[in-house]
Amino acid sequence: MSQSTHHGDPDALIGPGHTMATLTDKISGIVLTQKHPLQWFAITGIAAIFASLLGLTVLNLFFTGIGVWGPNNPVGWGFDIINFVWWIGIGHAGTLISAILLLLKQEWRTSINRSAEAMTVFAVMCAGMYPLLHTGRPWLAYWLLPIPNTMGMWPQFRSPLIWDVFAVSTYATVSMLFWYVGLIPDFAVLRDKATKKVQKVVYGMLALGWRNAARHWDRYETAYLLLAGMSTPLVLSVHTVVSFDFAAGIIPGWHTTVFPPYFVAGAIFAGFAMVLTLSIPLRIWYGVDDLITDKHLDNMAKVLLATGWIVTYGYAVEAFMCFYSGSTYEEFMLLNRLKGPYWFQYWSLLLTNCLLPQIMWIPKLRRNIWALYFVAMSVNIGMWLERYIIIVVSLHRDFLPSSWGMYAGSRWDWAMFLGTLGFFTTAFMLFVRFLPMISIAEMKALVPHKPGLTTGGRGAAAHH
Amino acid sequence: MAQVFPKSSNTLSKASIVVAGLVVAALGLATININRTTYVNTQSMPIDQVVQFTHTHHVGSLGIDCRFCHFSVEESSFAGIPPSKTCMGCHSVVWKDAPILEPVRESYRNDTSVEWTRVHDLPEFVYFNHSIHVNKGVGCESCHGRVDKMPLMMRENSLNMEWCLACHRAPEKFLRPKDKVFTMGWDPVKELGVSQEELGLKLKEENHVQSRTNCATCHR
């Protein structure tokens with residue numbers, strides 16, 4: 001049903017026959033009028049059950065303490081940090097698509113940016129949950145901020161963990177703003193097309209009085225570009241800082257300079273895998289394969305391939321340095337990865353992150369949704385395993401054999417991980433239900449221009 | 001369907017930006033300051049006891065030395081709370097049948113302790129030691145206030161960490177000669193004609209007083 005192009009040009013970014021009006025109707029119709037496919041109800045229902053599981057695990061954590069999780073001595077970091085890094089990494093694709101690709105004028109970002117930004121926002125929420133809950137007393141989390149508290153002391157500014165607080169909170173704020181600012185013209189469309197009073201009021205409030213005036217568009221474009229400019233460094237900085245959490249430590253396997261670049265590449269790698277994971281089913285269920293076209297899938301697959309190689313290069317340099325450094329501990333760490341108790345996870349990581357994505361070299365498979373879905377899932381798993389390996393293998397056997405130990409996620413660790421997956425999916429499904437999952441305003445710019453319409457205006461003159 | 005919002009809602013929403021800013025600022029200030037209020041740290045609130053013992057009377061009027069009752073304040077981390085025997089030394093003579101003193105007499109007869117409610121109680125994760133403070137010349141008054149003017153014992157200071165640190169960062173602001181540690185209402189300008197600053201720096205030097213702000217000083 002998918003890859004065989006039902007329209008002429010295989011590289012088109014928008015199906016044929018679309019005009020400004022059909023676009024508006026199609027995208028806003030999903031929210032306002034269309035009945036939702038059965039799959040929507042099924043997935044949202046299941047996801048909501050898992051989201052409730054998250055609530056349960058968090059309650060249990062509050063009443064019992066973080067001992068319900070797996071971390072122990074010597075493995076003081078476990079699922080909490082693994083999942084934190086995994087989720088925060090996923091968010092990066094959204095920012096890359098919305099900011100960097102916008103500045104680079106990559107038009108193919110247009111139909112996937114909205115959902116990728118939503119994904120970013122929800123992924124950052126899931127990520128942020130972990131360190132906050134790991135404090136054990138999240139109601140005291142404001143201690144992390146440099147405010148004059150009753151302890152008469154500031155946070156430790158020399159610690160990467162405090163840089164993390166700033167990096168992630170800036171990231172969350174900017175992503176949310178970016179998403180919202182982009183949505184404003186679309187809220188106005190929804191407000192104007194809405195037939196129910198509730199919809200009119202809610203979308204009307206969110207639209208902030210948008211009237212499609214030329215002045216509005218002018219300011220909108222400036223704000224949007226400014227935000228894009230602000231988010232661009234964030235794509236690099238956030239995961240760099242996250243990698244410092246490790247690289248600034250002296251544990252074998254952590255203390256390396258290759259961490260920042262390969263963490264950033266890994267984040268984009270993981271993020272694009274998640275964008276594919278989400279957009280392929282949407283394409284099928286909502287029949288928007290004329291908006292998220294094969295060309296989009298093809299481009300995303302290429303990004304996946306490229307960042308996958310950077311990550312693979314990172315693994316290779318890591319392994320090389322272990323021997324080249326001449327440090328016994330580093331060398332042991334590598335051997336311990338290869339044939340220690342967690343060998344299975346390490347080899348699975350190489351398989352899922354490095355080997356399997358190579359099928360994307362074949363152009364046909366880049367447009368085959370089954371192949372793409374397979375690779376996306378493989379990378380989702382692989383990137384999770386990567387963080388597992390980095391954290392658990394390095395910590396469980398460090399310098400002193402007398403203090404070696406083993407780690408396994410507890411029942412509650414797994415429950416919470418499934419819970420965040422459920423929360424993420426629920427949030428995303430609600431987004432699909434209540435917000436335009438493709439930017440109406442921006443898509444209009446892709447419609448072939450009729451003579452008489454000037455270029456550039458994002459459909460300013462269109463509609464009403 | 002017609003638009004539901006009239007044009008005037010634009011003004012309203014612009015105003016709401018200002019209001020939102022104020023609300024955020026207020027919340028921030030509240031978060032910072034709520035832990036400093038007496039409501040949270042129960043500072044300056046008299047605490048009800050089984051026997052309404054007053055320091056005003058025993059210290060202020062009778063002039064009994066702190067160490068007569070808080071016997072271990074110079075040698076130990078714990079200042080010491082007097083046993084009923086200490087009270088009965090006088091109260092088997094004065095006020096010997098007063099109903100207010102019945103719990104003291106009863107505990108004396110049964111060889112039990114009077115159940116005082118603690119007024120100062122640091123969390124378990126904080127290590128505090130009276131003897132070092134007393135022996136380096138920090139007066140009871142610097143931490144406990146004018147005890148001789150307290151009809152019922154109350155906490156003069158918050159005992160927040162910032163309070164401990166304010167002194168540990170600059171102990172010279174509080175140091176006094178060692179023989180004045182137990183005196184209430186002592187004032188260097190009146191008694192010696194020197195400013196606290198001058199005296200403090202001198203005493204700091206003489207008694208080798210250190211500024212201790214390492215976390216492990218108090219969290220061991």
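This is a short walk through selected local features of a predicted model.

Let's start with the buried sites in chain A. Take His92(A). His92(A) sits in helix 3 of chain A. Is His92(A) buried or exposed? His92(A) has a relative accessible area of 0%, so this residue is buried. What does its side chain do? A polar atom of that side chain lies 2.9 Å from the backbone oxygen of Ile88(A). Now the surroundings. Set aside residues up to four places away in sequence. His92(A) then touches Tyr171(A), Leu234(A), Val235(A), Val238(A), His239(A), Ala267(A) and Ile268(A).

Next, Asn336(A). This residue belongs to helix 10 of chain A, residues 328-339. The relative accessibility of Asn336(A) is 4%. The cut-off for buried is under 20%, so Asn336(A) counts as buried. Which side chains does Asn336(A) meet through polar contacts? One is His396(A), at 3.1 Å. Another is Arg397(A), also joined by a polar contact of 3.1 Å. Beyond four places in sequence, Asn336(A) is in contact with His396(A) and Arg397(A), and with Pro341(A) and Val393(A).

Now the surface of chain A. There is a nonpolar patch here. Which residues form it? They are Leu59(A), Phe62(A), Phe63(A) and Trp139(A). Together they have about 510 Å² of accessible area. Look at Phe62(A) in particular. Phe62(A) is in helix 2 of chain A, residues 38-64. With 37% relative accessibility, Phe62(A) counts as partly exposed.

On to charges. How many salt bridges does a search of the whole structure find? The count is 22, over all chains. I'll pick out a few.

In chain A, Lys193(A) pairs with Asp25(A) in a salt bridge. Their closest N and O atoms are 2.6 Å apart. This pair links distant parts of the chain. Lys193(A) is in helix 5 of chain A, residues 160-193. Asp25(A) is in helix 1 of chain A, residues 20-32. Lys193(A) is partly exposed, with a relative accessible area of 29%. Asp25(A) is partly exposed as well, with a value of 40%.

Chain A also holds a network of salt bridges. Its linked residues are Asp298(A), Lys302(A), Arg366(A) and Arg367(A).

Over to chain B. Glu141(B) forms a salt bridge with Arg176(B), and the closest N and O atoms are 3.0 Å apart. Where do the partners sit? Glu141(B) is in helix 8 of chain B, residues 140-144. Arg176(B) is in the loop between helix 9 (161-169) and helix 10 (188-192) of chain B. They are 35 residues apart and link distant parts of the chain. Glu141(B) and Arg176(B) are both buried.

Another chain B pair is Asp121(B) with Arg118(B). Here the closest N and O atoms are 4.0 Å apart. Arg118(B) is exposed, with a relative accessible area of 52%.

Stay in chain B for helix 5, residues 84-91. Which of its residues are buried? Ser84(B), Cys87(B), Met88(B) and His91(B) are. Why do they line one face? Look down the axis of helix 5 of chain B: the buried residues fall within an arc of 100 degrees, so they line one face of the helix. What covers them? The cover includes helix 3 (55-61) and helix 6 (102-110) of chain B. The face turned away from that buried side carries the exposed residues Lys85(B) and Gly89(B).

Last topic: backbone geometry. Most residues other than glycine have a negative phi, and most peptide bonds are trans. Some places here depart from that.

Start with the peptide bond. Asn73(A) and Pro74(A) are joined by a cis peptide bond, with omega about 15 degrees. Pro74(A) is in the loop between helix 2 and helix 3 (79-103) of chain A.

Then phi. Leu208(A) is not a glycine, yet its phi is positive, near 55 degrees. This leucine is in the loop between helix 6 (197-206) and helix 7 (214-247) of chain A. Leu208(A) is exposed, with a relative accessible area of 51%. In chain B, Leu159(B) has a positive phi of about 65 degrees, and is not a glycine either. Leu159(B) lies in the loop between helix 8 and helix 9 of chain B.

That's the tour.

Methods:
Residues numbered from 1 in each chain as written. Chains lettered and ligands numbered in written order. Predicted model: local features only at pLDDT ≥ 70, side-chain atom pairs only at ≥ 80, totals over all residues. Heavy atoms only, no water. Buried < 20%, exposed > 50% of the residue type's maximum accessible area, 1.4 Å probe, protein only. Helix = DSSP H or I, 4+ residues; strand = E, 2+ residues; numbered from the N terminus. Arc of directions from axis to C-beta. Contact = heavy atoms within 4.5 Å. Polar contact = N/O pair within 3.5 Å; in protein donor to acceptor, adjacent residues only side chain to side chain. Patch = residues over 30% accessible without salt bridge, like charges linked within 9 Å, V, L, I, M, F, W, Y side chains within 5 Å. Areas by Shrake-Rupley, 256 points an atom, 1.4 Å probe, with all protein chains shown as cover. Salt bridge = Lys/Arg side-chain N within 4 Å of Asp/Glu carboxyl O.
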